[in-house]
Amino acid sequence: MNTTTRRAAVGCCIAWLALAGISPAVLAQGSYPSKSVKIVVPYPPGGTNDSVARLLAQRLGERMGQPFIVENKPGASGNLGAELVARSPSDGYTLVLVTMGHTIHPSLYKNLRYDIRTDLAPITELTSGPALLMVNPALGINSVKDLIARAKAKPGELNFTSAGNGSSTHLATEYFDSQAGIKMTHIPFNGSAPAMMDVIAGNSQVVMDMMYSAMPQVKGGKLKAIAQTGAKRSPALPDVPTVAEAGLPGFEVNVWNGLMAPAGTPKDVIARLNTEIRHELDSADFKERLAAQGYEPAGNTPEQFGKLIATDIERWSKVVKTSGAKAE
């Protein structure tokens, strides 16, 4: 075969691949995945984020024929693991689970060594669900309207706790304050469990936390849930109204997590992962397991997930500025 014939054959092959929707980048790296894939969870083992990642990893391994391995890399409020993946090869073999908290960090930390907008590429949102706004049952507050009225009538009386300065629950409560026109005093703790225990003990009065960790306290009668923060009621607590229903129209905060890859990862790999992940999120048993924790599958396109990230970064930057929140 002469040089001209060989070039023509190569050109025809590339054209056929394009028509088939297969990029030369994917062809060059072989059939993806050709080896194990690592999912970095930038939080300790246990909890919703870790359990979602592990369930998804098991299913993807079965579907795609290669192991998907979860590796916990906690530290710096989730930034350590995110930075690690941002600096990893852009080949689709190292992914990271990110959360709503990662959209708070750009305005909270002055010296972040990665940019979620430019150093990571969105694959898909995984799950979404509301937080619970709760009070000590002895407080005599039974609704959002009661809480707002008490805070306005007795400024400085109410304290709210959170899992720490700059945490998702801290900023979500500050957002509630700003929308309600009130100002409660923030008492930060190192984690959600001690934050809830302080309200249970009656030292503080209000706490907002994730449904997964808060539901046992609510169902045990130790905390009273007066509202959930999503756009609609979670089937896990159907009798608890949304904040919007309960007296603050337009309020909505959904706690989400999603999967990202290093920037520059081939679009074909992103598309393949998106398709396979969304197939699993749509399965009945996956939905059932999430519902028990108060969450729902939230699979979307990379473009839609990227838009959610950008929108949340803008929203939380305003809340950080208004509240004066500082990172610990």
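A salt bridge is a side-chain nitrogen of Lys or Arg within 4 Å of a carboxyl oxygen of Asp or Glu. The model is predicted. By this rule it holds 19 salt bridges, and a search of the whole structure finds 1 cavity of 30 Å³ or more.

**Salt bridges**

- Side chains of opposite charge can pair when their charged atoms come close.
- Arg-87 and Asp-119 are joined through their side chains by a salt bridge of 3.7 Å, N to O.
- Glu-174 and Lys-183 form a salt bridge at 3.3 Å, N to O.
- Buried means under 20% relative accessible area and exposed means over 50%. Glu-174 is at 8%, so this residue is buried, whereas Lys-183 is at 51% and is therefore exposed.
- Salt bridges that share partners join a set of residues into one network: Arg-59, Arg-63, Arg-272, Glu-276, Glu-280 and Asp-285.

**The cavity**

- Rolling a probe the size of a water molecule over the atoms shows where empty space is left.
- The largest cavity has a volume of about 40 Å³.
- The lining of the largest cavity consists of Met-100, Ala-131, Ser-168, Thr-169, Ala-172, Met-208, Met-210, Val-253 and Val-255.
- By residue class, this lining divides into 7 nonpolar and 2 polar residues, with no charged ones.

**Elements around the cavity**

- Helix H7 (168-180) and strand E7 (206-210) each supply at least two residues of the lining of the largest cavity.
- Helix H7 gives the most to this lining, with 3 residues.

Technical notes
Residues are numbered from 1 along each chain as its sequence is written. This is a predicted model: local features need pLDDT of at least 70, side-chain atom pairs count only at pLDDT 80 or more; totals for chains, interfaces and linings use all residues. Side-chain values use heavy atoms; hydrogens and water are left out. Buried means under 20% relative accessible area, exposed over 50%, partly exposed in between (1.4 Å probe, protein chains only). On a 1 Å grid over the protein atoms alone, a cavity is a set of points where a 1.4 Å probe fits but cannot get out, and a pocket is an open set with protein on both sides within 12 Å along at least five of seven lines; lining residues have an atom within 4 Å of a point. Grid points are joined across faces, edges and corners, and a volume is the space filled by probe spheres set on the points. Helices (H or I, at least four residues) and strands (E, at least two) are DSSP runs, numbered from the N terminus. Ala, Val, Leu, Ile, Met, Phe, Trp, Tyr, Cys and Pro count as nonpolar, Asp, Glu, Lys and Arg as charged, and the others, Gly among them, as polar.
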